[in-house]
Amino acid sequence: MYGWIFRHLPGPVWLKVVWALLLVAAVVFALFEWVYPWFNATFFDTTVTT
Amino acid sequence: MERSRPKPPRKKSSPGRVLVGVFGELLITLGLFLMLFIVWQLWWTSFQLEGSVRSEINQFQENFPPSQTATAETQFTDIQRTDDPPPVGDIPENEIFGLLHVPRWNYRVMPIAQGTNHYVLDNGWAGHYPETQQAGEIGNFAIAAHRRTYMNNFRRIDTLEDGDPIVVETAEAYLVYKVTGREIVDPSAVRVVLPVPNEPGVEPTKRIMTMTTCHPEFGNSERFIVWSEMQYWVSKSDGIPIVLKDEPAGGGHDGT
């Protein structure tokens, strides 16, 4: 999977590395901004409710 | 420059190998997902909020300062009143109406807002259960906050001991509560926020505060409850209660 993605990134190796870093940054951003807040709100709560 | 070593031809991988490879990478991905989640939960959510919570505390204290005439030495007072404190009034949902000071937690200070929804709690504030009484009223002033994540506000709830002072600062007064007890309950135990905790239908006579948060510290299966009872209040025109004498400006930090 990761190898497949890396092979399909355009350009020479140094550009592929840049692309890969950008992709990682984008994924981490999406996780921190949207996925984890949702994950946390769905599975963790602090109030008492019926 | 030229490399003469010939590259070995790529092995043609069998479908089984591909499947195992993909499965392995999925496991790695899951591991990374959970690892990053821990980083996000324990560190990032608080890091993100530190500045904004600090400025909300400062804002409240600027808007509602204690006695202007006092000097640094004379601003602390032992004038304690036990009549009805100034009412907080009706607060719109999501609005900050007070600050919680906890000397036991290295003088931690946090804003208290109306409501226990995610907007309030995920801003690093304590939230007031709107169906319970207001701060200083006879009955039960119940608040919730996160144990972990979003400032870790009630992280140290298990360290509160009987007799510890907890101060609710409102626009006009400091309400000084003293811890009286604790209980670990199921998340469905709404009885803990009744006007007289755990006693449905009983007419309240005391001014109780209930703090609720997650338990265990990193889990969600139970709730840690701490009760306190208001002992007295201090008017802001008289100064700051002496129990907050050692509080650093803007509140202390417990290093989380």
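Is Asn153(B) buried or exposed? Asn153(B) is buried, at a relative accessible area of 2%; buried stands for under 20% relative accessible area, exposed for over 50%, and partly exposed for what lies in between (1.4 Å probe, protein chains only). The tour returns to this residue below.

The model is predicted, with local features needing pLDDT of at least 70 and side-chain atom pairs counting only at pLDDT 80 or more, while totals for chains, interfaces and linings use all residues. Residues are numbered from 1 along each chain as its sequence is written, chains are lettered from A and ligands numbered from 1 in the order in which they are written, and side-chain values use heavy atoms, with hydrogens and water left out.

**Stop 1: the interface**

Select chain A and chain B. The contact (heavy atoms within 4.5 Å) takes 21 residues from chain A and 36 residues from chain B. About 2,400 Å² is buried between the two chains, and carbon and sulfur atoms give 63% of that area. Buried area here is the accessible area (1.4 Å probe) that two parts lose on being put together, summed over both.

Between chain B and chain A there are seven residue pairs in polar contact, both residues at pLDDT 80 or more. A polar contact is a pair of N or O atoms within 3.5 Å; within protein, one must be able to donate a hydrogen and the other to accept it, and residues adjacent in sequence count only if both atoms are side-chain atoms. On the side of chain B that touches chain A, at least two residues each come from helix H1 (15–63), helix H2 (118–121) and strand S8 (207–215) of chain B. Helices (H or I, at least four residues) and strands (E, at least two) are DSSP runs, numbered from the N terminus. H1(B) gives the most to this side, with 11 residues.

**Stop 2: around Asn153(B)**

Select Asn153(B), in the loop between strand S5 (139–144) and strand S6 (165–169) of chain B.

**Stop 3: the nonpolar cores**

Next, select Leu100(B), Phe154(B) and Met211(B). These touch the most other members of the largest nonpolar core, which has 28 residues. A nonpolar core is a set of buried Ala, Val, Leu, Ile, Met, Phe, Trp, Tyr and Cys residues joined through side-chain atoms within 4.5 Å. Around Met211(B), not counting residues up to four places away in sequence, the residues touched include Leu100(B), Ile143(B), Phe154(B), Ile166(B) and Phe224(B). A second, separate core has 14 residues, including Leu31(A), Tyr36(A), Ile57(B) and Phe60(B).

**Stop 4: salt bridges**

Over all chains the structure holds 12 salt bridges, each a side-chain nitrogen of Lys or Arg within 4 Å of a carboxyl oxygen of Asp or Glu. Between chain B and chain A the count is zero.

Select Glu217(B) and Arg155(B), a salt bridge whose closest N and O atoms are 2.9 Å apart. This pair links distant parts of the chain, 62 residues apart: Glu217(B) is in the loop between S8 and S9 of chain B, and Arg155(B) is in the loop between S5 and S6 of chain B. Glu217(B) is partly exposed at 23% relative accessible area, whereas Arg155(B) counts as buried at 16%.

Then select Lys236(B) and Glu169(B), where the closest N and O atoms of the salt bridge are 2.8 Å apart. Lys236(B) counts as buried at 4% relative accessibility, and Glu169(B) also counts as buried, at 1%.

**Stop 5: backbone details**

Which peptide bond is cis, with omega near -5°? The one from His215(B) to Pro216(B). Pro216(B) lies in the loop between S8 and S9 of chain B.

Select Asn106(B), in the loop between S2 and S3 of chain B. Phi of Asn106(B) is near 55°, a positive value in a residue other than glycine, and Asn106(B) is partly exposed at 42%. Tyr107(B) lies in the loop between S2 and S3 of chain B, with phi near 55°, and counts as buried at 17% relative accessibility. Most residues other than glycine have a negative phi, and most peptide bonds are trans.

**Stop 6: Gly201(B)**

Finally, select Gly201(B), in the loop between S7 and S8 of chain B. At 85% relative accessibility, Gly201(B) counts as exposed. From Gly201(B) to Val226(B) the distance is 21 Å, C-alpha to C-alpha, and the two are 25 residues apart in sequence.
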